[in-house]
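Visitor: I am new to this structure. Please pick a single part and take me through it closely.

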Amino acid sequence: MGISSDNVHGLVLAVSSSIFIGSSFIIKKKGLKNAASSGTSAGDGGYAYLYEPWWWIGMITMIVGEIANFAAYAYAPAILVTPLGALSIIFCAVLAHFILLERLHIFGVLGCILCVVGSTSIVLHAPQERSIESVKQVWHLATEPGFLVYGCIVLIVVAVLIFKFVPTHGHTHLIVYVGICSLMGSLTVMSVKALGIALKLTFSGSNQFKYYETWVFTIVVICCCVLQINYLNKALDTFNTAVISPTYYVMFTSFTILASIIMFKDWDSQNASQIVTELCGFVTILSGTFLLHKTKDMGSSPSSNSPSYIGPNPNSNSNSGYRNDNAG
């Protein structure tokens, strides 16, 4: 990775974003738990969390983090910025341990470390950002056949998940809610990057808001964000935060970098050694997440009926990999 002023700005903004976003998961879940105790939970379709101050504080924290993330994409390529989201896993896991009493098993800690190591490998070999002088250039990239096919596939898969799998498997398989958020997130990031570039160019004296393409990207960002927030709330209310955070990170990162490769052709400027190293980084991240997920039920009772659900169980005395100490 070449060191440039833009890359440095992108790195600083991305790290700041991870701190705020990692904290927001915990604050929002505290609000969701308070709301569930006094009304219909978000996982059951309720919206009582809208009256919870903690949830709004969490939302504000997340918005601040997303703004920093938004700015980071204007300066650095997605392959560099997105993997730094691994830092949010660390902040989220530590805060969940002390605030929500969701204890992280030692193998879960190892899984988080593997995620960070893999992310570091990707960051160190990330490509330089291509020079873009107008939002019309981004629009041209977004309307090429390759990315149009990717976008259509994402929308079809998301529609299938929402209408077919959410009603039947949403409460037992976190991959449903997280999958929706991650797939839509990849489209969100591409639009955010386009909008960030438009703002960067506008502030430098070249107004990009006179082009309709800028407004199309803005509308896509808003629509995708609303959908993501809705299903992320359902996921947080239903499953253990320590599992959601890394799983969401890996899926979101994978789809986002795939979308970036298709749209911005990031790998065109790299040699085989750099690409292989980045792929090894991905494998390391995926290995860490797999370890984190598979050990979350370590030592739990075999009579559990919902292995994919992590939550309080007053009748359980197990020492599970991810245990909620509010139980019993």
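Guide: Let us start with rings. Rings of Phe, Tyr and Trp (its six-membered ring) pair if their centres lie within 6.5 Å; planes under 30 degrees apart count as stacked, over 60 as edge-to-face and the rest as tilted. The model is predicted, so local features need pLDDT of at least 70 and side-chain atom pairs pLDDT 80 or more, while totals for chains, interfaces and linings use all residues. Numbering runs from 1 along each chain as its sequence is written, and side-chain values use heavy atoms, without hydrogens or water.

Our part is a cluster in which ring pairs link Trp139, Tyr212 and Phe217. The count of aromatic pairs comes to 7. Trp55 is buried (under 20% relative accessible area; exposed is over 50%, partly exposed in between; 1.4 Å probe, protein chains only), at 4%. Trp56 is partly exposed, at 42%.

Now back to the cluster. The rings of Trp139 and Phe217 have centres 5.6 Å apart and planes at 70 degrees, so they too make an edge-to-face pair. Where do the two residues lie? Trp139 is in helix H6 (residues 135–142) and Phe217 in helix H9 (residues 212–238), so the pair ties together parts 78 residues apart in sequence. Helices are DSSP runs (H or I, at least four residues; strands are E, at least two), numbered from the N terminus. Trp139 is partly exposed, with a relative accessible area of 24%. Phe217 is buried, at 6%.

A salt bridge joins Lys136 and Glu213, with the closest N and O atoms 3.1 Å apart; the rule is a side-chain nitrogen of Lys or Arg within 4 Å of a carboxyl oxygen of Asp or Glu. Lys136 belongs to H6 and Glu213 to H9, 77 residues apart. Lys136 counts as partly exposed, at 38% relative accessibility. Glu213 is buried, at 4%.

The count of salt bridges is 2. The other partners are Glu144 and Lys265, whose closest N and O atoms are 2.5 Å apart. Glu144 sits in the loop between H6 and helix H7 (145–169). Lys265 sits in the loop between helix H10 (241–264) and helix H11 (272–294). The pair therefore ties together parts 121 residues apart in sequence. Glu144 is partly exposed, at 22%, and Lys265 is partly exposed as well, at 29%.

Step now to the largest nonpolar core. It holds 80 residues, and such a core is a set of buried Ala, Val, Leu, Ile, Met, Phe, Trp, Tyr and Cys residues joined through side-chain atoms within 4.5 Å. Phe25, Val138, Phe147, Met190 and Met263 touch the most other members. H8 gives the largest share of this core, 17 residues. Look at Met190. Apart from neighbours within four places in sequence, Met190 is in contact (heavy atoms within 4.5 Å) with Ala78, Phe147, Thr256, Ala259, Ser260, Met263 and Phe264.

Last stop: Cys181, in helix H8 (residues 174–203). Cys181 is buried, at 2% relative accessibility. Beyond its neighbours within four places in sequence, Cys181 is in contact with Gln228, Tyr231, Leu232 and Tyr248.
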